[in-house]
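Hi,

Here is the structure I promised to pass on.

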Amino acid sequence: MEEKITMKLYKNLAEFYCDVLSVVHNVIVMYGGESSLASLARQILEDCAYDMKEIRQCHRCYKISNEKQHKFWFCEPCDPPHELVWAKQKKFAFWPAKVIQKHDNYYDVRFFGGLHQRAVVSEACVKPIATSLYQLRIKKTSTFKKALKELYYHQRLLHLKKRKSKCSSPSVSKLDIRTKLSTENVMELKPTIEEELLVPQKLPSPVVHQLPQCSSSSSRNNKERQVTKGHCDCSVKYNEILKEFQRRIEEEYKVKEKRALKALADKMTKDFEEEKKNIIATALDQFHQEVEHSRFQLEHQLLYQHQQELQNLLDFHQQELLDVKRKQWCTICQIEAKYQCCWNTYYCSVECQYKHWEEHKWTCQKNASTDHKTDC
């Protein structure tokens, strides 16, 4: 298929579409109808069918929209030219548009300006292009001014194209062209200051230009200039006027582009600084919150450990106290006792018992019997 396109062997769109169908058929036979390649082939077939439908509607629009050789590609007129209307979508204002195709009471339109989007709107949402802006009550925003500027440029190109086609006929002489290209007609082709700058209070409503008819040569100029029939140099003049107009628009576009880029750079710098400050402030707040949270957790953990240590020490002290209370101690030296004299008197050794005997013998319970005394 690529070789056929390169060698220009396709005579019509049907041959190309048949080759695409053959590719889809072969892919399904080789890899199965449920494979990923088959799904991709079906998608290619749908895209091909859509593009062929667009080509059949208007091959000129399809070619221009895909090539986009310059920034005013949408303003180039087709042959035959599309109808110009004011179209409106739901919740949007009226907008200048080209009618691509009409289906019953619905219009398939493509809007001027911006992304040149397409939409299908009902007949009630379509107004003639000759309708004034005051009747439409359109808010003149920057995007609308850009769309209106493209509309004016498209109308001028249509005007020049129709004049060129009429003046290229053999029955019109060069003298007729010079007569028709008077100062008044040339001023119609040149963009006015108001239209170029698109001042809101002086914007004229877009009106379809009425083409002047080329008349026969006037009798008073026949003696001055004689031109052979079939020869016309109006295309040169139109090309010069068009080039001058395009140059002025490009210069204006460059100036506005520089201003817009500068304004955008300043705005981006300002937004970047503000965003940087906000990010730093947010990071600092988050850092402080994390520090406070960590400090609170650490304090809580240390307090819990301290309480646990105190509780352990208190338990250990109570246990030792109980152990001490269970033991008996020597009455003389306060060492753990090994011997018991009576119910409340204990000694660690015999020496301590002898030392305490002079004092204890009067209260000793064992003094009741002589045997006990002897034993003591």
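Below is what I found in it, going from the whole chain down to single residues.

First, the ground rules. This is a predicted model, so to speak: local features need pLDDT of at least 70 and side-chain atom pairs count only at pLDDT 80 or more, while totals for chains, interfaces and linings use all residues. Residues are numbered from 1 along each chain as its sequence is written, and side-chain values use heavy atoms, with hydrogens and water left out.

**Confidence**

The average pLDDT (the predictor's confidence in each residue, from 0 to 100) is 78 for the chain, and 79% of the residues score at least 70. A contact here means heavy atoms within 4.5 Å.

**The chain as a whole**

You'll find 13 helices and seven strands. Those are DSSP runs numbered from the N terminus (helices H or I, at least four residues; strands E, at least two). Of the 376 residues, 28% are buried. For the cut-offs, buried is under 20% relative accessible area, exposed is over 50%, and partly exposed is in between (1.4 Å probe, protein chains only). The chain exposes about 27,200 Å², with carbon and sulfur atoms supplying 55% of that; the areas come from the Shrake-Rupley method with a 1.4 Å probe, and for residues only the protein chains shown count as cover. If you take the contacts between residues at least 6 apart in sequence, 54% join residues at least 24 apart.

Strands count as paired if DSSP finds at least two bridges between them. β1 and β2 run antiparallel and are joined by five bridges, one of which you can find at Glu 83, whose partner in β2 is Val 99. Next, β2 (residues 95–103) is antiparallel to β3, with six bridges, and Lys 102 has Tyr 107 of β3 as its bridge partner. These two strands make a hairpin with two residues between them, and Asp 104 in the turn has a positive phi of about 55 degrees.

Strand β3 (residues 106–111) is mostly covered, with five of its six residues buried. Five bridges tie β3 to β4 (residues 118–122), again in an antiparallel arrangement. Tyr 107 stands opposite Val 121 in β4, and Asp 108 has Val 120 as its bridge partner there. This second hairpin has six residues between its strands, and Gly 113 in the turn has a positive phi of about 80 degrees.

**Helix α12 and the cysteines**

Which residues of helix α12 are buried? In this helix (residues 350–360), they are Cys 352, Gln 353, His 356 and His 360. They sit on the same side of α12, because they cover an arc of only 90 degrees around the axis (the arc is that of the directions from the helix axis to the C-beta atoms). Glu 351, Tyr 354, Lys 355 and Glu 358 are exposed on the other side. The buried residues of α12 pack against β6 (339–342) and β7 (345–347).

His 360 is worth a click: its relative accessibility is 3%, so it counts as buried. Apart from neighbours within four places in sequence, His 360 is in contact with Cys 341, Cys 342, Thr 345 and Tyr 347.

How many disulfides are there? The count comes to zero, a disulfide being a pair of cysteine sulfur atoms within 2.5 Å. For Cys 341, the nearest cysteine sulfur is that of Cys 364, 3.6 Å away. Cys 341 is buried, at 3% relative accessibility. For Cys 342, the nearest cysteine sulfur is that of Cys 341, 4.6 Å away, and Cys 342 is buried too, with a relative accessible area of 6%.

Cheers
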